[in-house]
Amino acid sequence: MSVVLITGASSGFGALTAQALARAGHTVYASMRATTGRNAAAVSATAAFARDNNVDLRTIELDVQSQESADAAVAEIVAEHGVLDVLVHNAGHMVTGPTEAFTPEEIADVYDINVLGTQRVNRAALPSMRARGNGLVVWIGSSSTRGGTPPYLGPYFAAKAGMDALAISYAGELARFNIETSIVVPGSFTQGTNHFAHSGRPADQATVDAYEERYGGLMAQVSQRLAELAPPDADVAEVAAAVVRVVETPHGKRPFRVHVDPVDDGSEVVSVVADRIRAEFLTRIGLDDLLHPHN
């Protein structure tokens, strides 16, 4: 069984994945910020789940916007267990609204959470994995990076695309340390997560109002039509189940990318081609050993 750290695990995909991995017998650290503040209820709920299900599921303070916080969380886990086997990058933040209405600083904050946050946690976690010569990094991506992309979600989509590009580069750079990479790609789930309910909004209300004259009610229309496309049995827990399958697949045999997309927005079609081109190109330049983890 593995020791697993999941970022952004107070709710949504993160909480469900933490519970699913713990049920499967792994030691799981569900990380979140403000464990004694606004996420205190999530800490209590996690402890209750662990107690009621007799599983090893723990919470730990980790703010992906702080290198000090990431370093402290990983150091605590490694000190207690000697290893960190699996890192799941799940922390993220969605914003909605006309892209022009967001200030550069607001968009930078979206990047800071969704992209730079993964870099901070990697810098904390990868040294021990590299020293050990083993590990798995799972990235929770988004079908928006290559599939259908409705408007009013531009900063979030751009940040998730940046994270995906970072994940692909890391995959090759970690392969010779015997660290494996898998990218789990959820589609649009309009129920079962707080993505839309907790999404940020731009502060520039004047620009929002100007767009509303031509695009009145657009965000509500996007949400409604995405919900209409999803089959009635679409279950957000399938994302957690996909992560469990990845973690429990033997090392070296894990899929590079897994799509969980009830809406089927076309992302998988594009990703299959893009990932094939990557593999073919690395082979052409004599770096095909970077396609798989090895010592």
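Helix axes here are lines fitted to C-alpha atoms over the stretch in contact, and angles run from 0 to 180 degrees between N-to-C directions. This is a predicted model, where local features need pLDDT of at least 70 and side-chain atom pairs count only at pLDDT 80 or more, while totals for chains, interfaces and linings use all residues. Residues are numbered from 1 along each chain as its sequence is written, and side-chain values use heavy atoms, leaving out hydrogens and water.

**View 1. Helix 1 packs with helix 8.** Both helices are DSSP runs (H or I, at least four residues; strands are E, at least two), numbered from the N terminus. Their axes sit 8 Å apart at an angle of about 45 degrees.

**View 2. Histidine 26 sits in a loop.** Look between helix 1 (12–23) and strand 2 (27–32). Histidine 26 is buried, at 3% relative accessible area (buried means under 20%, exposed over 50%, partly exposed in between, with a 1.4 Å probe and protein chains only). Leaving aside neighbours within four places in sequence, its contacts (heavy atoms within 4.5 Å) include Met1, Leu21 and Glu248.

**View 3. Valine 88 has its own set of contacts.** Setting aside neighbours within four places in sequence, valine 88 is in contact with Val4, Leu5, Ile6, Thr7, Val138, Ile140 and Val243.
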